[in-house]
Amino acid sequence: MAVGRLPGHALGVPDDAVDLGGTWAFRHWTETAPDDDWASPGATLDDFTTLPVPSSWSVHGHGIPIYTNVQYPFPIDAYPEFPQPDEGGDHVRTIDVPADWDGDRIILRIGAAESTVDVLVDGVEVGYATDSRLPSEFDLTDHVRPGSTHTLALRVQRWSASTWLEDQDMWWMAGIHREVHLLRRPATALADVSIDTLDWTDDGAAEVRVTVAVAGGEAGTLVPLRVRIADTVVDDEVELPGSGNDAGTTISLTVPDAPAWSAERPDLVDAEVVLGDPSAPLDRFGRRVGLRTVEIRAGRLLVNGVPIVLRGVNRHDHYPETGRVLDEALLDEDLRLLKTHNFNAIRTAHYPHHERLYERCDEVGLYVVDEANLESHGLVRDMASHRLVSQASPIPTDDPDFADAFVERGVRMVQRDRNHACVLAWSLGNESGWGPNHRRMADAIRALDDTRPIAYHPAELDPAVDIIGPMYPSLTVLAELADLPDERPIVMCEYSHAMGNSNGGFAEYDELIDATDRLGGGFIWDWVDQAIAAETDTGQRYWAYGGDFGDEPNDDNFNCNGLVDADRTPHPALAHCGWVHRPVVTRAVDPAGRRLAIRNRWSFVDTSLLSASWSLRVDGAELAAGALAAPVVDPGAEIEVDLDLPTVEVPAGAEARLLVAWHDPSGHRVAHDDLALSIGRPVPAVSAADDTWVQVSQADRTMITTEHMELVLDPHGVPFSWVMGGRQWLAGAGVLGITRAITDNDRGHFGPEQAARRLKKAGLRHAVPEPLGPVSVDRSFPGMTVIEARSRFGHGLVVRLRWMLTGDGGVALDVLTDAELNTPALLRVGVELRLADDDPELVWFGPGPDESYSDRVGGLVVDRWREGVGGSDFAYARPQETGNHTAVRWAGVAAGGATLMAIGDTRFDTALRRNWDHDIRKHHRHPHEVEPAPRPIWRLDAAHSGLGTGSCGPGVLERYQVAPDSVRNRILFAVVPDGVDPAELARQPHPLRRNRRQLF
């Protein structure tokens, strides 16, 4: 594990440390480590180049990054021997030791190195360390002289026995990826300080325990020790242990009127420990700390005695240009986005992160589950909920040779991070089975820190863990788990897998969590796409993932499953999650919106700092607005208030909605609800129209002519040509479809419901429609001509496109499906139309402005929206379905002074894009590889599937699936000239309108 490494501590890096970052001499080698005198002073280093430190050397052209998820990038048969040829990097620079450090201990601190590091000074071996995610410190006092220059050499090896413990779902990227410092410590010094809040008194005082370890000095000497927390000071003495030993003492303080730290109110106080006479101290330690308690009671996780819900993400220390090397601007952007989207927690997947993360989480207010650098997923063959069913024998958690490594990784994490208020719980690692070595780690952590709970999956049935943390449970499983007799909270360590176009069904999890006390929330997998910035030969930028560097084996784009791109560009799902997590929920108590219920979901903060406003809209037109003079709502409380809405004229068939929004003092909207109101009148019934002017001629295609239009249909009933309102809207053949450009969730990886695979098995994945007989014409319905085309997909699915026309210009399309038993759920049912205009706009009334799907629509506002071609498309790392708008009431393509309108008799889905669904194929790895269609494509779907999270977790909930035997939808069409309100046309009565349950 280590040779010569000093014990861990929580003192951090002192202000007078010498930063050794910058340009180092560097040599990358493979197969066998060179045995020349490269580390000696004056070595020629002819085969060296340069490299910045810190860095991940594979993003600088030395070797390649390798991405795997579960599998190791090498055979595991040799375990515990390591089968991989050596690969490493030699780093060399000179260091100038300050002359005024004479008499001090001189320490080298390496923030993190993957996977092992050898330390040499002037060619002499000083030490060796493993653990790629925590600092390693070495005492150089006997190897350097203050006022002199020395050669520091670090040999980092990419692979080692420790690699068996570092099989996380991320890039394998070697290097010194955190800062390197030279520190000085006084001969008599503080060795460690830990600060724990134990309890709160009834009058709001914090009971604080400060444990201080000291080192050096003359054994037995008593030295003054002063501890200060906020304005509370305690003076004591500590007995010095002598050279080479540590001794310590524990001091208790009662801090009156102490501010309680939480993610909602991250109040920090000054803490200081002074060793020796305060006027001339031997050593001192100071930092800002948060005072807060964590406990578990009656199945709930409590902070400062109050139940909380963790609305969190799993986060990797990943940056698109630098690999694992901290980009502080992007770290700050992470925290800004998390806070503004109502997240309150981070799980450090799957290792301790850079120290700066914890400092910033203390400051801005984010809870952290701190996870040990431990994963051996590739050695775990089959997990049960509490124990391995089958496994390689042994695996690390059962292997006594790895016992000390398990313990040390947990202990050193606690030693570094325990003074951070943000850290609420310790995690024993990830996906490494369960066995005696994990129990040893848990015991060692509890011996160091008795103030925080311990979490780990899959150890739910073992009392060694305090938090039950399932992965990707379905709603049913989660509810069943909550019903089991247990006094531990349930916090999903991973759920709602955010791969590509994803996070469908997220709101349903929040509803269940809200309704169930034992459900303490969870962590979305994950925050950031672990892509690496790359460019084509022609300079096109794209996101590189597994396999793009020739890395074999690899797990493709499975590392692109974040809520934000690698550069922190938000995915559309982020806004939805922020809305689901909104701290203030408003609902209408009465159908007209004149009485509202307001619930505050914060645990510690009332609504006094928020301002609320309302807007009354009818068919997207604002008719009235004002401020909501709501009383202050206490944390966790709900109140009802009256809203004095004005009386407005609501036309028959119009949709009235009330938008209530809550803003913080900066103007940021923290919460909103778009409420449907039951006011207005229904559309009156009308009699059948005359169809005298409907003429039909049939050959290879069917031509329908009326006084108002000419419509040409192909044998499937899909429009080929459409002249209406005096202009041609189409430019040739369209497509009838039942699938979409496959999403990562449709494709499936580890989830139980893999839609694309089921469709393929049923012969429907790539099925093209086959006409079932000629297009039929039926004039037997009063005032209506009906043209129907029937098409078969595969063997068991029939789609009918039924056009209905009236002589007054009315035209509507019914889309209906019938299917054999066991036909799987479809991804969509609808048509894609090739438009004649090169640059139309999509206008619609429905949720917007971003893309939406039936199971990911909450938070979007029903209003009138407008965008250009592909305006809602998102460039996911791997091309897939995007840009859809669900629950649309009406939509149209606007071009040339008019709009071709599609009016839902209920609601439908639509998109305006630069490509057909079938343009995006399996071999397209990046967006720039997809060829756009020559003309814009307007997609109109009678039904479109939700998204689910089937790439790793539950698929689409049944209510959001497209049932193959029950699609029944109708869309009416009309042309609206510029200057005419499309909403007025959309709500007009017409004989082609029908109730939703009527098929025809």
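Helices, taken as H or I runs of at least four residues, and strands, taken as E runs of at least two, are DSSP runs numbered from the N terminus. In this predicted model, Asn-342 lies in the loop that joins helix H1 (328–340) to strand S27 (345–348). Because its relative accessibility is 15%, and buried means under 20%, Asn-342 counts as buried. Once its neighbours within four places in sequence are set aside, the residues in contact with Asn-342 are Arg-311, Gly-578, His-581, Arg-582, Pro-583 and Val-670.

Strand S27 belongs to an open sheet of 7 strands, whose order is S32-S31-S28-S27-S26-S34-S33 and whose pairing is parallel. At the edges stand strand S32 (454–455) and strand S33 (490–495), each of which pairs on one side only. Within the sheet, strand S26 (residues 310–315) pairs with strand S34 (residues 519–524) in the parallel sense over 4 bridges, and Gly-312 has Phe-523 in S34 as its bridge partner.

Helix H6 (residues 506–515) packs on this sheet, where it touches S26, S33 and S34, and its direction makes about 170° with that of S33. H6 is mostly covered, with 7 of its 10 residues buried; these are Phe-506, Ala-507, Glu-508, Tyr-509, Asp-510, Leu-512 and Ile-513. The buried residues of H6 pack against S26, S33 and S34, and also against helix H5 (475–483) and helix H7 (572–580).

Another packing arrangement involves helix H3 (residues 403–417) and helix H4 (residues 436–448), whose axes are 8 Å apart and meet at an angle of about 30°. The two helices are therefore roughly parallel to each other, and H3 passes H4 in a right-handed crossing. The residues that meet across this pair are set out below.

| Helix | Residues in the contact |
|---|---|
| H3 | Ala-403, Phe-406, Val-407, Gly-410, Val-411, Met-413, Val-414, Gln-415 |
| H4 | Asn-437, His-438, Arg-440, Met-441, Ala-444, Ile-445, Leu-448 |

The largest nonpolar core holds 92 residues, of which Leu-310, Tyr-367, Leu-428, Ile-524, Trp-527 and Leu-563 touch the most other members. Leaving aside its neighbours within four places in sequence, Leu-428 is in contact with Ala-372, Leu-374, Trp-434, His-438, Met-441, Ala-442, Ile-445, Ile-454, Ala-455, Tyr-456 and Val-465.

Technical notes:
Residues are numbered from 1 along each chain as its sequence is written. This is a predicted model: local features need pLDDT of at least 70, side-chain atom pairs count only at pLDDT 80 or more; totals for chains, interfaces and linings use all residues. Side-chain values use heavy atoms; hydrogens and water are left out. Buried means under 20% relative accessible area, exposed over 50%, partly exposed in between (1.4 Å probe, protein chains only). Contact means heavy atoms within 4.5 Å. Two strands pair if DSSP finds at least two bridges between them. Axes are lines fitted to C-alpha atoms, for helices over the stretch in contact, and angles run from 0 to 180 degrees between N-to-C directions. A nonpolar core is a set of buried Ala, Val, Leu, Ile, Met, Phe, Trp, Tyr and Cys residues joined through side-chain atoms within 4.5 Å. Angles under 35 degrees count as roughly parallel, over 145 as roughly antiparallel, 65 to 115 as roughly perpendicular and the rest as oblique. A crossing is left-handed if the near helix is turned anticlockwise from the far one by less than a right angle, and right-handed if clockwise.
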